Amino acid sequence: MAQKTYAGITVELTDEGYLVDKTQWNKEMAIEIAKENEITLTAKHFAVIEFLRDKVARGETLTIRAIGKSGIVDIKGFYELFPGAPLKVATKISGLSKPVSCV
């Protein structure tokens, strides 16, 4: 475990950099975490982030397929918004735990 300060709030992070307590997350933190991943957040990014946070709050499993069916962005667009490992990057920026489906 490590500690890091985002937007003036010191948070606990897992060894892979995910927030331990997702209730500490806010949009200002998301902007700073995104910058670490060389991403500048847009309204489309925040729409995906809200979708992810809502799904987790309902206890649903996060999958790339579900995001592709969200009506917010298709799968290709998801990869463009969050390059590399989009689900891992998007959940980290969203203040969520690493998805079970991600290695």
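What you're looking at is a predicted model, so local features need pLDDT of at least 70 and side-chain atom pairs count only at pLDDT 80 or more, while totals for chains, interfaces and linings use all residues. Residues are numbered from 1 along each chain as its sequence is written, and side-chain values use heavy atoms, with hydrogens and water left out.

There are 5 helices and 2 strands, and from the N terminus on the order is β-β-α-α-α-α-α. Helices here are DSSP runs of H or I with at least four residues, strands are runs of E with at least two, and both are numbered from the N terminus.

## Size and surface

The radius of gyration is 13 Å, which agrees with the value near 13 Å for a compact globule of 103 residues. That radius is taken over C-alpha atoms, and the globule rule is 2.2 Å times the number of residues to the power 0.38. Along the principal axes, the C-alpha atoms fill a box of roughly 35 × 25 × 25 Å.

Of the 103 residues, 38% count as buried. The cut-offs are under 20% relative accessible area for buried, over 50% for exposed and partly exposed in between, with a 1.4 Å probe and protein chains only. The chain exposes about 5800 Å², and carbon and sulfur atoms supply 52% of that area; accessible areas come from the Shrake-Rupley method with a 1.4 Å probe, and for residues only the protein chains shown count as cover.

On the charge side, you get 14 positive and 13 negative side chains, with the centres of the two sets 7 Å apart. Lys and Arg count as positive and Asp and Glu as negative, leaving out His and the chain ends; each charge is placed at NZ of Lys, CZ of Arg, CG of Asp or CD of Glu.

## Helix α2 and its cover

Helix α2 covers residues 43-57, 15 residues in total, and reaches 21 Å from its first C-alpha to its last, close to the 21 Å expected at 1.5 Å a residue. The expected span is 1.5 Å times one less than the number of residues. Its buried residues are His45, Phe46, Val48, Ile49, Phe51, Leu52 and Lys55. An α-helix has 3.6 residues a turn, so residues three or four places apart point the same way.

The cover over those buried residues includes α1 (27-36), α3 (64-68), α4 (75-81) and α5 (86-93). Ser94, in the segment after α5, is buried at a relative accessible area of 0%. Leaving aside neighbours within four places in sequence, Ser94 is in contact with Trp25, Ile49, Leu52 and Arg53.

Ala7 sits in the loop between β1 (2-6) and β2 (9-13) and has a phi near 50 degrees, a positive value in a residue other than glycine. At 32% relative accessibility, Ala7 is partly exposed. Glu32, from helix α1, is also partly exposed, with a relative accessible area of 32%. Though 25 residues apart in sequence, Glu32 and Ala7 are 7.3 Å apart C-alpha to C-alpha. Beyond residues up to four places away in sequence, Glu32 touches Thr5, Tyr6 and Ala7.

Glu38, in the loop between α1 and α2, has a positive phi near 60 degrees and isn't a glycine. With a relative accessible area of 76%, Glu38 is exposed. Just after α2, Gly59 takes a positive phi of about 80 degrees.

Conventions:
Contact means heavy atoms within 4.5 Å.
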